[in-house]
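Reader: Could you walk me through this one? I'd like to take it topic by topic.

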Amino acid sequence: MQVWDGISDARLTFSASEIGLERPQEGMARLTENLNLQRGLLRHLEKLPEVQLIDKTKVQSIIRDTEERGGWPLVHLDNGRVLRARLLVGADGFNSPVRSYAQISSFGWSYDTQGIVATMVHPPRGAFQGPNTTCYQRFLPTGPIAFLPLSPTVSSLVWSTRPHIASALTASDPDVFASMINAAFRLPELSLRYLYNRIIEAQANGTPLTHAEIQQEILWREQSHSIDHNSAYASAVIQPNADVGVPAADSESLPPLVTSLQPGTVATFPLRFNHTDSYIGEGQGSRTVLVGDAAHTVHPLAGQGLNLGIADVECLARCIDDALQKGGDVGSYTALLPYAQERYLENHTLMSAIDKLHKLYTSTLEPVVWARSVGVEVLNEFDSIKAALMMTAGARDHKLNNAAAGWNMAAKGVEGLAAGVNAAKLLSGGIGGMIGMGL
Ligand SMILES: Cc1cc2nc3c(=O)[nH]c(=O)nc-3n(C[C@H](O)[C@H](O)[C@H](O)COP(=O)(O)OP(=O)(O)OC[C@H]3O[C@@H](n4cnc5c(N)ncnc54)[C@H](O)[C@@H]3O)c2cc1C
């Protein structure tokens with residue numbers, strides 16, 4: 001995994017070999033498409049006779065059963081069926097109808113940012129390069145752009161950016177968008193801003209830029225920054241057979257050049273932070289519990305949203321099992337309380353850390369950029385912190401109970417180091433003084 005600052009280029013590199021995995025060849029994490037995960041889970045459910053799947057059906061409304069004691073939720077489906085639930089699990093996403101029924105309030109904010117996702121096609125890495133198993137993420141002031149490898153020639157894009165830029169990029173010709181993805185990993189921020197404006201202006205004038213025009217614009221920007229056309233930082237002229245022969249010296253620092261996007265894979269989502277005040281419904285909303293995005297929504301910069309939901313489900317399943325073993329009522333508050341106790345703080349710590357990293361990286365203030373960059377470079381030297389971070393970013397074979405710890409440590413580490421470095425700079429003047437102070 002390689003993560004770097006879009007302004008200063010300060011870089012953090014993580015490698016599976018650094019955390020002492022039992023089977024390092026298997027890597028520190030797996031990237032899997034949500035669709036495949038869902039397909040696998042559905043196939044498994046079909047094999048369980050005690051599970052009844054009701055597909056292609058919407059929950060129309062949920063009301064409280066007032067006739068029976070205990071106030072069980074009655075779930076009205078759009079096929080006319082009504083289900084009476086001892087326990088209703090709200091795994092129904094950000095706009096959760098279960099959360100509305102249970103009247104569980106939440107707090108949060110919009111990031112004024114859209115997440116663009118797409119599936120990218122690119123040539124395989126050359127014979128003298130490593131395989132396509134490195135994630136790349138560049139923190140631009142408008143939001144991070146991430147390249148997530150899926151196969152030797154296909155990778156996934158998650159690009160968070162301002163809504164007007166996201167609209168312009170996704171309305172562009174797919175080849176123009178692919179060129180902009182390459183540029184966003186390579187060009188300095190100033191040039192990217194120029195290119196966004198060119199695309200937006202051209203669209204407003206009714207003459208959207210063609211692929212040849214954007215490549216020409218990128219070429220000019222590369223020339224103005226003295227980027228050698230043989231460098232991995234050059235994307236305007238794609239060299240024929242670039243994957244053959246000895247690669248550019250800096251080729252491992254950047255993802256492969258994207259040549260096209262798979263049709264129909266581009267989508268955008270508004271990004272926000274949201275956390276409910278509680279995971280368990282009480283009073284009129286009793287016998288309900290929330291998991292996943294119904295309970296919490298987080299910025300995708302750390303790719304942790306679904307992972308948090310899966311951890312919720314694992315914990316809730318354990319609590320339900322415990323209650324059943326003891327002959328308890330699975331819908332009761334006492335049976336569900338251990339779930340909320342275990343997950344709420346854990347989720348909140350990680351969500352706050354991710355939010356903190358987002359805020360730290362959208363700043364363009366010179367002292368903040370300087371300080372966070374030195375912070376990152378110092379952090380890059382601490383193998384133990386990096387190992388903890390990698391484990392919580394998805395590494396397998398680990399026994400870390402508190403999954404939030406690594407991210408929290410990273411956010412606090414970068415922020416704290418940044419503050420410390422800045423103070424040292426003020427006190428003792430420059431790098432020499434910092435070294436003198438033992439930083
Ligand atoms: C751009 C972007 C990139 C992301 N990248 C990552 C990543 O790399 N890794 C990661 O771990 N997470 C990532 N996430 C987060 C992840 O996508 C979400 O956290 C996850 O999908 C939430 O799962 P969920 O099942 O809780 O909710 P959802 O995926 O929203 O599913 C809710 C389901 O409930 C159904 N539903 C809702 N209302 C009703 C109703 N009335 N009747 C019937 N069904 C209903 C919906 O149809 C839906 O199927 C990303 C998110 C975004 C926006």
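This is a predicted model: local features need pLDDT of at least 70, side-chain atom pairs count only at pLDDT 80 or more; totals for chains, interfaces and linings use all residues.

Reader: Good. How do the residues of the shell around the ligand divide into nonpolar, polar and charged?

Author: The shell holds 9 nonpolar, 7 polar and 3 charged residues.

Reader: And which residues come nearest to the ligand?

Author: Of the 19 residues around the ligand, those that come nearest are Val 59, Asp 293, Gly 303, Gly 305 and Leu 306, where a residue counts as near if one of its heavy atoms lies within 4 Å of the molecule.

Reader: Which helix gives the most to that shell?

Author: H7 does, with 3 residues. Helix H7 (305-325) and strand S12 (267-276) each supply at least two residues of the shell; helices (H or I, at least four residues) and strands (E, at least two) are DSSP runs, numbered from the N terminus.

Reader: What lies 2.7 Å from an oxygen atom of the ligand?

Author: That is a polar side-chain atom of Asp 293. From the backbone, an N or O atom of Leu 306 lies 2.8 Å from a ligand oxygen, and a polar backbone atom of Asn 307 is 3.2 Å from an oxygen atom of the ligand. Taken alone the ligand exposes 1,000 Å², and the protein buries 62% of that, with accessible areas from the Shrake-Rupley method with a 1.4 Å probe and, for residues, only the protein chains shown counting as cover.

Reader: Switching to aromatics, how many pairs does a search of the whole structure find?

Author: The search finds 10 aromatic pairs, taking rings of Phe, Tyr and Trp (its six-membered ring) as paired if their centres lie within 6.5 Å, with planes under 30 degrees apart called stacked, over 60 edge-to-face and the rest tilted. In one of them, Trp 4 and Phe 185, the ring centres are 6.2 Å apart and the planes stand at 40°, so the pair is tilted. This pair links distant parts of the chain, since Trp 4 belongs to strand S1 (residues 2-5) and Phe 185 to helix H4 (residues 174-186), 181 residues apart.

Reader: Are Trp 4 and Phe 185 buried or exposed?

Author: Trp 4 is buried, with a relative accessible area of 1%, and Phe 185 also counts as buried at 1%; buried means under 20% relative accessible area, exposed over 50%, and partly exposed in between (1.4 Å probe, protein chains only).

Reader: Why is the pair of Trp 159 and Phe 177 stacked?

Author: The planes of Trp 159 and Phe 177 are at 15° with the centres 6.2 Å apart, so the pair is stacked. Trp 159 lies in strand S10 (residues 154-161) and Phe 177 in helix H4, 18 residues apart. Trp 159 is buried at 0%, and Phe 177 is buried at 2%.

Reader: Which residues form one aromatic cluster?

Author: Trp 4, Tyr 136, Phe 147 and Phe 185 do.

Reader: And what lies over the face of Trp 4?

Author: Arg 11 does, at 4.2 Å from the ring centre, where a charge sits over a ring if NZ of Lys or CZ of Arg is within 6 Å of the ring centre and within 35 degrees of the ring normal. Elsewhere, Arg 272 lies over the face of Phe 94, at 3.5 Å from the ring centre.

Reader: What about phi of Arg 287?

Author: Phi of Arg 287 is also near 70°. Arg 287 is in the loop between S12 and strand S13 (288-290), and counts as buried at 12% relative accessibility.

Reader: Last one: what joins the side chains of His 296 and Asn 347?

Author: A polar contact of 3.3 Å joins them, meaning a pair of N or O atoms within 3.5 Å; within protein, one must be able to donate a hydrogen and the other to accept it, and residues adjacent in sequence count only if both atoms are side-chain atoms. His 296 lies in strand S14 (residues 296-297) and is buried, with a relative accessible area of 2%.

Note on methods:
Residues are numbered from 1 along each chain as its sequence is written. Side-chain values use heavy atoms; hydrogens and water are left out. Ala, Val, Leu, Ile, Met, Phe, Trp, Tyr, Cys and Pro count as nonpolar, Asp, Glu, Lys and Arg as charged, and the others, Gly among them, as polar.
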